[in-house]
Every structure is written in C-alpha cells, then in structure tokens.
Amino acid sequence: QVQLVESGGGLVQAGASLRLSCAASGGGFMTYAMGWFRQAPGKEHKFVAAISWTGRSTSYAESVKGRFTISRDNAKNTVYLQMNSLEPEDTAVYYCASSRTSVLAGVDYWGQGTQVTVSS
C-alpha cells in the first residue's frame with residue numbers, strides 16, 4: 001500500500017509560481033510512475049503531468065506545457081510539480097497519483113489533494 005501526501009498549494013495572483021510536493025510512503029516509490037491531475041469546481045478530473053519511474057520520461061497536458069515542470073527525487077520519495085506563470089484557469093484541486101505502469105494507463109494510488117487558487 002502506497003500513501004501519497006501532497007503539499008504546497010495556496011492562493012496566489014496570476015503570474016506567480018508555486019511548487020507542489022507529493023511525499024510517498026509505503027515502499028516501492030522508485031518503481032512507480034508518478035503524475036499529477038487536477039479537478040476544477042464542477043469539472044472532471046484532468047491529467048496535468050506524468051513522469052516515469054526513472055525520471056527520464058515526462059509528459060504534459062497541452063494547457064500547461066512550457067509553464068509546469070514535473071520532477072522526482074527517488075532518494076526522498078517525493079515528486080514535485082513546479083508551476084510558473086499561473087493563470088486563473090489553473091485553479092483546481094491538484095492530486096498526486098502513482099502507477100505501476102503509467103498514470104495515463106491507470107492510477108493505482110491517489111493522494112488527498114491540495115488546493116491551488118489563482119486570482120486575476
């Protein structure tokens with residue numbers, strides 16, 4: 001069983017930056033692909049970014065390409081999402097996810113979420 005705990009959310013103005021962290025426990029972090037999803041009020045869960053277990057492969061939603069960067073530190077069992085040039089449309093609850101294969105193929109574990117609010 002893997003537990004994921006997100007942190008780093010908050011209220012910022014448009015154009016600002018935030019860095020989300022997701023700390024994993026329960027073992028096996030290095031073997032899991034990781035990712036971030038978000039859910040805005042009244043909208044469905046949407047993919048944001050993913051990273052392979054080695055960290056060598058990443059992918060992004062078109063809406064965040066060039067602004068967000070996903071990374072991981074396997075020594076710290078932590079995955080990060082650096083968010084720059086934030087826009088009001090980025091307002092959502094952000095969820096960390098892990099998968100034995102790819103988060104785009106299926107998520108095995110979810111975090112509890114962290115709120116990001118971007119004011120205009």
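**Ground rules.** I am working from a predicted model, in which local features need pLDDT of at least 70 and side-chain atom pairs count only at pLDDT 80 or more, while totals for chains, interfaces and linings use all residues. Residues are numbered from 1 along each chain as its sequence is written, and side-chain values use heavy atoms, with hydrogens and water left out.

**Salt bridges.** I looked up salt bridges, meaning a side-chain nitrogen of Lys or Arg within 4 Å of a carboxyl oxygen of Asp or Glu, and found that the structure holds five. One of them joins Arg38 to Asp90, with the closest N and O atoms 2.9 Å apart; Arg38 sits in strand 4 and Asp90 in the loop between strand 8 and strand 9, 52 residues apart. I then checked accessibility, where buried means under 20% relative accessible area, exposed over 50% and partly exposed in between (1.4 Å probe, protein chains only). Arg38 counts as buried at 12%, and Asp90 is buried at 1%.

Another bridge brings together the side chains of Arg67 and Glu87, at 3.9 Å from N to O. Arg67 belongs to the loop between strand 6 (58-60) and strand 7 and Glu87 to the loop between strand 8 and strand 9, so this pair ties together parts 20 residues apart in sequence. Arg67 is buried at 11%, whereas Glu87 is partly exposed at 33%. I noted that Arg38, Arg67, Glu87 and Asp90 are linked in a network of salt bridges.

**Largest pocket.** I took a pocket to be, on a 1 Å grid over the protein atoms alone, an open set of points where a 1.4 Å probe fits, with protein on both sides within 12 Å along at least five of seven lines; lining residues have an atom within 4 Å of a point. Which residues lie nearest the centre of the largest pocket? They are Arg38, Ala40, Lys43, Lys46 and Glu89, out of 13 lining residues. Strand 4 (33-39) and strand 5 (46-51) are the elements giving two or more residues to this lining, and the largest share, three residues, comes from strand 5.

**Backbone.** Lastly I looked at phi: Asn77 has a positive value of about 55° although it is not a glycine, and it lies in the loop between strand 7 (68-73) and strand 8 (78-83).

Conventions: Helices (H or I, at least four residues) and strands (E, at least two) are DSSP runs, numbered from the N terminus.
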